[in-house]
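Here's a quick briefing to read with the model open beside you.

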Amino acid sequence: MAELLVFAEREDAEEVAETLGEWFPELGVPRVVRETLAGEDDAEDAQWVVVAEGLDEAALAKVDELVERYDGWREAG
């Protein structure tokens, strides 16, 4: 199942993606995509999402701590 790690800033999303690639090299570096919310008129309000797949429960606990450091959150994708 894919996990979506959501951030307000592109730099934060890119740093998290790089870190996850280092921590879990078998998964590769996760994709970073820009997500505009339905009804958003201002592109400045778009969120940045790191799409991570193949993480087990133990890895998710570590990922949650990382995401929190960057003021983001995790959603199931």
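A contact here means heavy atoms within 4.5 Å. On that basis, 63% of the contacts in the protein chain with a separation of 6 or more are between residues 24 or more positions apart. Keep in mind that this is a predicted model. The protein chain has two helices and four strands, and along the sequence they run β-α-β-β-α-β.

**Overall numbers**
- Of the 77 residues in the protein chain, 36% are buried.
- The protein chain's accessible surface is about 4,900 Å², and carbon and sulfur atoms account for 44% of that.

**The sheet**
- The four strands form an open sheet in the order β2-β3-β1-β4, and the pairing is antiparallel.
- Look for the edges at β2 (31-35) and β4 (73-76), each of which pairs on one side only.
- From one strand to the next, the twist averages 30°.
- Helix α1, residues 10-23, packs on the sheet and touches β1 (2-7), β2 and β3. The direction of α1 makes about 15° with that of β3.

**Strand β3 and its partners**
- Strand β3 covers residues 47-53 and pairs with β2 in the antiparallel sense over five bridges. Within that strand, W48 is the bridge partner of R34.
- β3 also pairs with β1, again in the antiparallel sense, this time over six bridges. Here V50 of β3 is the bridge partner of L5.
- Why is β3 largely enclosed by the rest of the structure? Six of its seven residues are buried, so the strand ends up largely enclosed.

**The nonpolar cores**
- The largest nonpolar core has 16 residues, and the ones that touch the most other members are L5, F7, L20, V50, L55 and V63.
- At least two residues of this core come from each of β1, α1, β3 and α2 (57-69). The largest share belongs to α2, with five residues.
- There's also a second, separate core of five residues, with A2, L4, V49 and V51 among them.

**F7 up close**
- Leaving out residues up to four places away in sequence, F7 touches D12, A13, V16, Q47, W48, V50, V67, Y70 and G72.
- F7 is also one of the residues touching the most other members of the largest core.

- With residues up to four places away in sequence left out, W73 touches L4, L5, V6, Q47 and V67.
- The side chains of W73 and E75 are joined by a polar contact of 2.8 Å.
- How far apart are W73 and F7 in sequence and in space? They're 66 residues apart in sequence, while their C-alpha atoms are 7.1 Å apart.

Technical notes
Residues are numbered from 1 along each chain as its sequence is written. This is a predicted model: local features need pLDDT of at least 70, side-chain atom pairs count only at pLDDT 80 or more; totals for chains, interfaces and linings use all residues. Side-chain values use heavy atoms; hydrogens and water are left out. Two strands pair if DSSP finds at least two bridges between them. Axes are lines fitted to C-alpha atoms, for helices over the stretch in contact, and angles run from 0 to 180 degrees between N-to-C directions. A nonpolar core is a set of buried Ala, Val, Leu, Ile, Met, Phe, Trp, Tyr and Cys residues joined through side-chain atoms within 4.5 Å. Buried means under 20% relative accessible area, exposed over 50%, partly exposed in between (1.4 Å probe, protein chains only). Accessible areas come from the Shrake-Rupley method with a 1.4 Å probe; for residues, only the protein chains shown count as cover. A polar contact is a pair of N or O atoms within 3.5 Å; within protein, one must be able to donate a hydrogen and the other to accept it, and residues adjacent in sequence count only if both atoms are side-chain atoms.
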